[in-house]
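Visitor: Take me through this entry, please. I want each label set against its rule.

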Amino acid sequence: MSETFTKGMARNIYYGGSLFFILVFLALAYHTEKTIPERTNADQLTEAVIRGKHIYESNNCSGCHSLLGEGAYFAPELGNVFHRRGGEAGFKYFLPAWMKAQPTGVPGRRQMPQFNLTDQQLSDLTEFLEWTAKINTNDWPPNIEG
Amino acid sequence: MSSQTLFKFESQKVAKPYFVFALMLFVGQILFGLIMGLQYIIGDFLFPLLPFNVARMVHTNLLIVWLLFGFMGAAYYLIPEEADRELHSPKLAILMFWVFAAAGVLTILGYLFVPYATLAEMTGNNILATMGREFLEQPLPTKVGIVVVALAFLYNVGMTVLKGRKTAVNVVLMTGLIGLALLFLFAFYNPENLSRDKYYWWYVVHLWVEGVWELIMASILAYVLIKITGVDREVVEKWLYVIVALALISGILGTGHHYFWIGAPGVWLWVGSIFSTLEPLPFFVMVLFAFNMINRRRREHPNKAAAMWAMGTAVMAFLGAGVWGFLHTLAPVNYYTHGAQITAAHGHMAFYGAYAMIVMCIISYAMPKLRGIGEAPSNKAQIMELWGFWLMTISMVFITLFLTGAGVVEVWLRRLPESGAAMSFMDTQDQLMLFYWLRLISGVGFLIGLICYLLSFKKSLQTAADDRPVPLPAETA
């Protein structure tokens, strides 16, 4: 690098540039905060949904599954599982039955553990995944398979 | 040979247990990685003894913790020298080593032997829920322990810098370490709204690995380059500032590439795409930096292996974090690739190239001195170390290529077709088995490389007596 570009100038770009973009970042966080309630239907964020999220976390579901594309890639995406597995009519029956049937024990196939959730917990988890499926995700995932 | 001729301050020695323990955890990380690699193919391997989610948690958490041990070891080694004074409190550093090591071991044992839901209940997750989010799976007491260790560590190295000489290297390193600790506090914030949760979760994850960790990496690299090339500090530090400026200017708003599909507003599609496109730049400059400094070297340092790690980490970080990151960072591309094996490909090479390799770089430079062997290990030991370097690095290139292949096919089958025509998740996985086998074989290659690397430490002891390089007097300054 040439002599006209000094260490001091580089340092100032580092401090000034970082500070500037931190401020822009915080402004965008403010904007995001303003839009999240509407995009996530925060008015439908019931106690059951909140309990369902806690169950999702306490059983480390993200250790195998992705949720809105984040988590592990060992098992199916769950952000739209509500739409994939029964929707309004059927999902509330599908999920508890599915969870109770695990593990399938098919030799060589990936196995989902039995988490021994109560009916109440299964219902909460169902509510959580239904609420999640209705978040405005800019139309992601591209199709029903997640 | 007294250690005084090898490094300047007695307190630099506290780095040694940190480096040794980091490498022990690294071995554990790789073993669990191999188990997972097999579980990807034989789905019920070790089930229900070790379900995939537990193996994955151990694999990723060991990675994070061994890198943190490595960063702390690096700081304890280089900060006294840069500040030109003894470490504020070597005793505190050793005490914190044991606290962190015990917390780490207990956490891993908890993951392995207690069902996760029980572990959550036992450790207060019903009072303050922080667990069960990717990479932040640690029980609350562990997270508190990390904060305590980080505060004691920052106090210790911070006092050393405050009382001593301030150089660009130690100031940038301190900024990175303080940022690391501050951003970790978001691990305690778990909003009830999933979108908001994810939004701030990235303040830890992205702003670590694509933000402040780059400061840590660049400053360690700058330190090693000053030492092994003898190039004027002014020149090195100018490069360092340019790199970290580019890292933060691109990386902070680059966070937006994680905000495309989680419920955040549409503005992030543009901000994330544009700024994360710039994110390869700091890594590209790091490549220029490492090769330039080594080409313009003013001395022939006997530790060729350390120089190889310095060039290697820059190149592999550029490929893994820069190129493989850019591959899927534009919103229209990421729409199809998000949450598929492409992400795994990028994650593996980026973490190895940028962070595993920079820690092995400082270990390569510092360990011969810390062990009293000399400026450098014997030639035989360096050759063994380079075998480790090449085997691990080439294996990681193949792991990345095979996961990329898996990801492309996965996207082709599951993501690109319309609903109805698209293949289901599990059916798609069945089509990827060839890639997963090849990835597993590459993983075995990586383990062999790691064994060579570890054996090089033994070899340097065996051959130290008869094949000891002559230390250069200038190096002690």
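Guide: Start with the naming rule: helices (H or I, at least four residues) and strands (E, at least two) are DSSP runs, numbered from the N terminus. This is a predicted model: local features need pLDDT of at least 70, side-chain atom pairs count only at pLDDT 80 or more, and totals for chains, interfaces and linings use all residues. Residues are numbered from 1 along each chain as its sequence is written, chains are lettered from A and ligands numbered from 1 in the order in which they are written, and side-chain values use heavy atoms, without hydrogens and water.

Visitor: Where is A:P103 found?

Guide: In the loop between α4 (87-100) and α5 of chain A. The bond joining A:Q102 and A:P103 is cis, with omega about -5 degrees.

Visitor: What marks the segment after α5 of chain A?

Guide: Both A:D139 and A:P141 lie there. A:D139 is not a glycine, yet its phi is positive, about 70 degrees. The peptide bond from A:W140 to A:P141 is cis, with omega near 0 degrees.

Visitor: How many residues does each chain bring to the contact?

Guide: Chain A brings 72 residues and chain B 92. Contact here means heavy atoms within 4.5 Å. The buried area between chain A and chain B is about 6,900 Å². That is accessible area (1.4 Å probe) lost on putting the two parts together, summed over both. Carbon and sulfur atoms give 61% of it. On the chain A side, A:Y14, A:F25 and A:Y73 lose the most area to chain B, together 12% of what that side buries.

Visitor: What makes B:E234 and A:K7 a salt bridge?

Guide: The rule asks for a side-chain nitrogen of Lys or Arg within 4 Å of a carboxyl oxygen of Asp or Glu. The N to O distance for B:E234 and A:K7 is 3.3 Å, so the pair meets the rule.

Visitor: Why does the pair B:R196 and A:E33 join two chains?

Guide: The closest N and O atoms of B:R196 and A:E33 are 2.9 Å apart, and the pair is a salt bridge. B:R196 sits in helix α7 (residues 194-229) of chain B and A:E33 in helix α1 of chain A, so the pair joins two chains.

Visitor: How many polar contacts cross, and which elements of chain A touch chain B?

Guide: 37 residue pairs, both residues at pLDDT 80 or more, are in polar contact across the interface. The term needs N or O atoms within 3.5 Å; within protein, one must be able to donate a hydrogen and the other to accept it, and residues adjacent in sequence count only if both atoms are side-chain atoms. The elements of chain A giving two or more residues are α1 (7-39), α2 (47-58), β2 (70-71) and α5 (119-133). α1(A) gives the most, with 21 residues. By class, this side has 37 nonpolar, 24 polar and 11 charged residues.

Visitor: Which residues of chain A does UniProt call a "transmembrane region"?

Guide: Residues 12-30, from an unreviewed entry. That span is 100% helix and 0% strand, with its end C-alpha atoms 27 Å apart. The unreviewed entry also places "domain: Cytochrome c" at residues 47-133 of chain A. Those residues are 52% helix and 5% strand. Such annotations may be inferred rather than shown by experiment.

Conventions. Ala, Val, Leu, Ile, Met, Phe, Trp, Tyr, Cys and Pro count as nonpolar, Asp, Glu, Lys and Arg as charged, and the others, Gly among them, as polar.
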